[in-house]
Amino acid sequence: MGLIHEIDFGTPAALSDKTITLTIDGREITVPEGTSIMRASTEAGIQVPKLCATDMVDAFGSCRLCLVEIEGRNGTPASCTTPATDGMVVHTQTGRLKDIRRGVMELYISDHPLDCLTCAANGDCELQDMAGAVGLRDVRYGYDGDNHVRAKKDAGINAKWMPKDESNPYFTYDPSKCIVCSRCVRACQEVQGTFALTIEGRGFDSRVSPSAHELFADSECVSCGACVQACPTATLTEKSVIAIGQPEHSEVTTCAYCGVGCSFKAEMRGEELVRMVPWKDGQANRGHSCVKGRFAYGYSTHKDRILNPMIRDKITDPWREVSWEEALAHTASEFRRLQYQYGRASVGGITSSRCTNEETFLVQKLIRAGFGNNNVDTCARVCHSPTGYGLGQAFGTSAGTQNFDSVEHSDVIVVIGANPTDGHPVFGSRLKKRLRQGAQLIVIDPRRIDLVKTPHVKAAHHLALKPGTNVAVMTALAHVIVTEGLADEQFIRERCDWSEFEDWAEFVSDIRHSPESTETSTGVPADDLRRAARLFATGGNGAIYYGLGVTEHSQGSTTVMAIANLAMVTGNIGRPGVGVNPLRGQNNVQGSCDMGSFPHELPGYRHVSDEAARDVFEKMWGVTISSEPGLRIPNMLDAAVEGSFKGLYIQGEDILQSDPDTKHVAAGLAAMECVVVQDLFLNETANYAHVFLPGSTFLEKDGTFTNAERRINRVRKVMTPKNGFADWEVTQNLARALGLDWDYTHPSQIMDEIAATTPSFAGVNYPYLDQVGSVQWPCNEHFPVGSPIMHVDGFVRGRGKFIRTEYVATDERTGPRFPLLLTTGRILSQYNVGAQTRRTDNVVWHPEDKLEIHPHDAEQRGIHENDWVKLSSRSGDTTLRATITDRVAPGVVYTTFHHPTTQANVITTDYSDWATNCPEYKVTAVQISPSNGPSDWQVEYDEQARQSRRIAGHLEAAE
Amino acid sequence: MMQAAGTEVMQRITDVVDALKEKDGALLPILHGIQDEFGYVPDESVPVIADALNLSRADVHGVVTFYHDYRKHPAGRHVLKICRAEACQALGGQALAERAMALLGIGFHETTTDNAFTLEPTFCLGLCACAPAAMLDNQLIARFDETKLAEIVKEIRS
């Protein structure tokens, strides 16, 4: 075990199919045309000295260290900017080159501190390496001339010296160590696409400047870490490296935040995590990261983390710490008692989209085999269940059709109900890169998300629809495409059911679906919508990316079908650059759905009434599986209130905060006799729990996550679980306490069981994943290397199905009492209910949730920036501070839901998707009024939460 | 001190930006326009320009600071630039520059207390054949010497 070293090839890979052969230092090497001499030599095993080149950004040619000599050419060209050509003969080490390089290094070092021994980059500094590589022995210029290194100069101050900028919580900028290679500036531009950095001044005055000579924290920087990764010196350094020192070993693992599923190297010193560095070979992120995955892992060692099991008789009692044996025995006996007393169906469980596939599989197995019912559900219920249903109906599989690389081939991109730069930042950066290359963007969102207009990116169309009118807008787009003769008839005839298409075409062609007819209800100007539809139908490869703004509606499933229709009618399925791409919210929400977390589906989306599928599991597990679908989360809560549902095992989900109509959830939980919460923290749901089983973090377990592109990525254990057990072990121990004879010694055995029972995972096993890095399901005998793009030669269900998408306005309507529409979303630095990110330094960017309101609506109500406002709906009310912005249209307000004190879900109603019960989070009729502070509910809730978090023998932590 | 939107300065910035933002490569013309309007490029203009051209503040700042002619602060009523490049130095440019500093009582990039002069170095005015060269406001001066320097100072101060 050591540090995983990745080769830096100096310049990005060339993509040409044509190859050329050249000779470098006597070695012949064949490379794709367009490859730089530098990259070709690295591939030949020869490292040309370099400072300003790194393969995450394009060649720049400023450091003058990588010079080479080419036979038949004059001078000493830079190897990074000179493309290799056929038959070229290159020398990388001659007397002349040695002298030039040494001279260049002398100049660099004459303006660089000589504190290598106490420098944080000691051992990981390219300047140090290059000084060694060129044989630097002396600096003839001395160190006392003009410099940026020393604060004082000749008893006066040195105006060129600048102090360290420590304003970012995660890294420091020390200008005295900067060699102005501009790698950070280029990384910010080319990789992240934020353009927050520049080189200010010129000549010897040049230096790196965040925005207009601002502190990093005040600048446009989004703290993605790309600059820190690009920096060859200690100028930009992780504070954790400064505090701990250089790591000594690393493991490749997968980020546990959003559905992009970035691969990271967890760089360790012993069992201490030094830093997370994005892994270049990660096929989802291609070496990029965001502030959450890169830096926000501090929650794993936060003082709030609970490390001992706890039980209590009543939720009003303080918690009592007990041994694992006692906690599990107590839980088992309670569940047995409840089932004896109230019937087999009186208990159930909730799997976690934050846990691994293996853990999720075990929880549903515990419920199906141990509890003997199908009362299992997962948080996908509240996010992407309509995706599963809608895409399953249209295409035959409930998953995105593309890999993330596909965006590099898109020409027109539709983003609907998603905010990639905040919610899925690494994908957002890849998308912006493609947009800068000239792809066109259509944004369909009530709010002006950053992508609509952000440096160097501008949407061709922003259809700012009224919340809740997605179906009308999507159908109107289809109307324009069909009635203007833009449908891809050849594709439809070859791939789809023609008679279904004809039926659908007749439906959408109806004049009531024309943009002119829908304009008044959707608020989208007809002309704009027509032009957007034409662009999508005729602009080349069209890709649709969508998020929860599509699914979390009463017509969520309908919109998903409308999206599928739109992709099929324009022939945008089955090749790179096109497709229907749900941006999944959580790291393993795709996986938790795949693993049979729904009450009606066994792993691999096979209905519980399917006897053949049941038979596979019954034989392997030696039990009888119920053929009756179990209860969904909302049904469990309803049944609890009615008195027939009594016990719930919740692994890693905070339903009280994340599910709609908080008061109803609270009532349901309070009516149960045994609520078991397995989590890192005493989350909001734990306020109503009787047993608390401490959970483990993604750093403490082996397993796999499946990201939004169906990619199965390995999660690798880098430290011992602080709570004693990985989550899969806890579930196994609970199963054993219930009398099941489970005997897994490693998650790989669970994956083998998944592969043996689930056809789409048949080819997946740990040795194969270790070998190839990751694989996209389906992976079986038909697709031995997985499936980056789906439906290539035909739809999984046979023929693509066009489905009529009748728009039915939600029952949640504005009226005199509640004249505004509330919609909700995420912000970059925080993640969902914030349980993790609120326990990291990310709070510097988002200490509280705020209500965005249009200046017009604010003025009418006498609301000023930062005022406390009361937000009330038919369900309840809460208070938060307002911020006034024209990002939202008049009549629409917006907030995030990262902080439990906000209680945004007290406001949301219990309306839900007609097909899947996915709650309608994105539309709530509300009223806003000035307020003095927290509402009665918030005060009561805080007190109840404080009471219920007491642990016997512990002093209450001061907040 | 940044000024809030709606103030007179912001209005003048916005007017210049709006008049020029549709041009191809609008950034330099806008910066010239701002400098013509204010005599310098106020910090407040950076976010306005960035927003209008869909650039980042960093992008605009990088360009403003790259060109010495874009000023961070207003100059004096007259700007005297003395060439510091090789040909002029060879013909006494150094001594002339020192004389100018002594006469005005300021260093390079500084403005006299009466706000009459700002003294600046420049690197080649393209008049090497008639070195040393200088430039007063937009007027080139060939074969610059102490007499011409004294005349200029006297004339402007009188």
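## An annotated region of chain A

Which feature does UniProt place at residues 248–304 of chain A? In this predicted model, that stretch carries the annotation "domain: 4Fe-4S Mo/W bis-MGD-type", which comes from an unreviewed UniProt entry.

## Domains of chain A

The assignment divides chain A into domain 1 (19–133), domain 2 (152–301), domain 3 (310–383 + 588–699 + 726–761), domain 4 (396–581) and domain 5 (820–948).

## Where domain 4 touches domain 5

The centres of domain 4 and domain 5 of chain A, taken over C-alpha atoms, are separated by 28 Å, and the contact between these domains involves 19 residues of domain 4 of chain A and 23 residues of domain 5 of chain A. On the side of domain 4 that touches domain 5, the elements giving two or more residues are α11 (420–423), α18 (548–551) and α19 (556–569) of chain A. By class, that side of domain 4 of chain A has 10 polar, 5 charged and 4 nonpolar residues.

## Where chain B touches chain A

Between the chains, 12 residues of chain B are in contact with 18 residues of chain A. Helix α4 (residues 57–66) of chain B provides 7 residues, the largest share of the side of chain B that touches chain A. The residues on that side of chain B divide into 5 polar, 4 nonpolar and 3 charged.

Methods: Residues are numbered from 1 along each chain as its sequence is written. Chains are lettered from A and ligands numbered from 1 in the order in which they are written. This is a predicted model: local features need pLDDT of at least 70, side-chain atom pairs count only at pLDDT 80 or more; totals for chains, interfaces and linings use all residues. Domain bounds come from an automatic or database domain assignment. Two residues are in contact if their C-beta atoms, placed from the backbone, lie within 7 Å. Helices (H or I, at least four residues) and strands (E, at least two) are DSSP runs, numbered from the N terminus. Ala, Val, Leu, Ile, Met, Phe, Trp, Tyr, Cys and Pro count as nonpolar, Asp, Glu, Lys and Arg as charged, and the others, Gly among them, as polar. UniProt positions are given in the numbering used here, feature names are shortened, and annotations may be inferred rather than shown by experiment.
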